[in-house]
Amino acid sequence: MIDRLSILCHYLAARRNFTRWQSREALEAWQDAQVTDHLRRVLPKSRYYCDLFAGRDLKDWRHLPISKKAPLMAAFDDWNTAGITLVQAGEVAEAAERTRDFAPTIQGFAVGMSSGTTGSRGVFLVSPQERRRWAGTLLARTLQGTLRKTHRAALFLRADSPLYQTVGSRRLSFSFFDLFAPFEEHWPRLRSLRPTLLAAPPSALARLALEPGANELLAPPGILLSVADVLDDADRAVIEEGFGRKVGQLYQATEGFLAATCPSGTLHWNEDALVIQKEWIDPERTRYHPVITDFRRTTQPILRFRLDDVIIEAEQSDCPCGSIFGTLGKIEGRQDDVFFLPPINGKKPVMVFPDFVRRALILALPTGIDYTVTQTGLDAWCIELADPTFSPVVTVEIERLCHELQVDMPSLTFTLWTAPHPGNKRRRIKRSIPTP
């Protein structure tokens with residue numbers, strides 16, 4: 001009961017905050033006070049940030065040193081405020097990945113693992129209080145109408161999480177659909193569920209959109225959300241034609257819940273929890289890396305953290321929804337490709353989603369060992385490794401992946417990884433052959 005009341009309070013606060021401020025000046029003044037107070041409370045508990053910010057005026061936080069993923073993960077034990085080590089968290093996260101049982105926590109903290117688009121493993125910890133805040137904000141940003149209505153959410157994800165169980169109630173249920181399971185098994189269950197909200201990676205949504213009756217699958221209000229990967233124009237067209245409705249986006253990463261599409265179809269930053277600074281990539285200021293400061297997250301403080309994602313600047317900031325929260329033109333990111341492998345029994349090639357390949361590599365490689373995986377033929381992959389000594393371990397993980405998916409093991413060619421030119425897009429999972 002306490003959890004549900006707390007989630008409801010966070011939900012109501014997030015709904016109110018979305019249109020609370022009438023000017024950027026007022027919002028930024030409020031953010032500044034929130035961040036300064038947050039730093040005073042969090043820094044003494046995080047040895048990493050305490051050392052990084054030593055001797056600096058916290059009121060000048062907008063110019064504090066920028067943090068990046070690799071150094072944070074390397075300093076995991078000193079970074080988090082829960083006293084949990086990377087070894088402890090990694091063991092729980094890896095066990096969940098292997099067993100597909102994502103219920104276990106550590107000292108009450110939910111544990112997850114994500115490679116993101118940077119290729120380096122991210123392990124995240126979320127406290128019960130953070131889970132409740134996340135749940136309330138997620139509901140406020142995604143559901144249309146009120147919580148008095150009954151909502152059934154279907155989530156197609158690589159990994160389940162206690163985060164979603166936090167939200168469940170009589171009026172709101174979450175059903176996890178494991179992306180590792182064959183799609184043929186999902187469709188009858190989806191039809192029976194008839195969800196009011198469907199969230200999945202764009203490649204999975206595109207696959208579902210091609211099924212007969214996709215346009216009748218969702219019950220009102222029929223919310224369709226793309227998550228986890230970049231939503232490109234080609235997938236968007238297939239999804240919206242198949243389902244007969246617009247698709248929105250949830251922008252989440254190891255670093256938190258970052259942005260969501262509003263009812264007017266605009267992608268907004270969650271600026272009631274985040275400050276977004278822009279590190280411009282080009283002189284014309286059309287693309288940038290977001291530098292994030294999260295003044296709500298306490299277990300793993302996110303302070304002046306630069307994402308490697310590439311964001312295209314919005315052409316205009318005004319939105320009919322009435323919120324002044326910053327807008328994103330597009331998450332350009334790094335477009336991964338879906339692989340295809342022949343099934344052990346059958347003729348139709350099986351789709352191997354980018355996150356599956358990425359997961360196999362992050363389970364095999366320590367943080368910091370870079371890689372690129374390219375599908376060069378229907379039965380051939382070329383894998384570039386910064387450290388070739390890990391080739392046998394990578395082979396074992398790919399064999400395990402193929403066994404789980406019941407597909408033929410591709411022929412693997414290993415070569416030495418070389419850093420791409422700084423001006424080129426950095427794609428670690430890519431397919432160089434046409435769609436079968």
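Student: Which residue stands opposite I311 in β14?
Tutor: I331 in β14 stands opposite I311. This is a predicted model, where local features need pLDDT of at least 70 and side-chain atom pairs count only at pLDDT 80 or more, while totals for chains, interfaces and linings use all residues. Residues are numbered from 1 along each chain as its sequence is written, and side-chain values use heavy atoms, with hydrogens and water left out.

Student: What makes β13 and β14 a pair?
Tutor: Two strands pair if DSSP finds at least two bridges between them. Strand β13 (residues 311-313) and β14 have three bridges, so they meet that rule. They run in the antiparallel sense. The strands themselves are DSSP runs of E with at least two residues, and helices are runs of H or I with at least four, all numbered from the N terminus.

Student: How do you know that β9 pairs with β14 as well?
Tutor: Strand β9 (residues 267-269) is joined to β14 (residues 327-331) by two bridges, again antiparallel. Within this pairing, H268 stands opposite T327.

Student: What does L328 touch?
Tutor: Leaving out residues up to four places away in sequence, L328 is in contact (heavy atoms within 4.5 Å) with Y251, A259, L267, H268, W269, I311, I312 and A314. L328 is also one of the residues that touch the most other members of the largest nonpolar core, which has 52 residues. Such a core is a set of buried Ala, Val, Leu, Ile, Met, Phe, Trp, Tyr and Cys residues joined through side-chain atoms within 4.5 Å. Helix α2 (residues 24-42) gives the most to this core, with four residues.

Student: Why is C382 called buried, but C321 partly exposed?
Tutor: Buried means under 20% relative accessible area and exposed over 50%, with partly exposed in between (1.4 Å probe, protein chains only). C382 has 19%, so this cysteine is buried. C321 has 22%, so the label there is partly exposed.

Student: How do you know that C321 is in no disulfide?
Tutor: The cut-off for a disulfide is a pair of cysteine sulfur atoms within 2.5 Å. A search of the whole structure finds zero disulfides. For C321, the nearest cysteine sulfur belongs to C319 and is 3.4 Å away. For C382, the closest is in C402, at 16 Å, which is too far for a bond.

Student: Why are the rings of W21 and F325 called tilted?
Tutor: Rings of Phe, Tyr and Trp (its six-membered ring) pair if their centres lie within 6.5 Å; planes under 30 degrees apart are stacked, over 60 edge-to-face, and the rest tilted. Here the centres are 6.3 Å apart and the planes are at 35 degrees, so this pair is tilted. W21 sits in the loop between α1 (2-18) and α2, and F325 in the loop between β13 and β14, so the pair ties together parts that are 304 residues apart in sequence. W21 is buried at 8%, and F325 is buried at 1%. Both belong to a cluster that ring pairs form from F18, W21, W30, F295 and F325.

Student: What makes R189 count as sitting over F177?
Tutor: NZ of Lys or CZ of Arg must be within 6 Å of the ring centre and within 35 degrees of the ring normal. R189 lies over the face of F177, at 3.9 Å from the ring centre.
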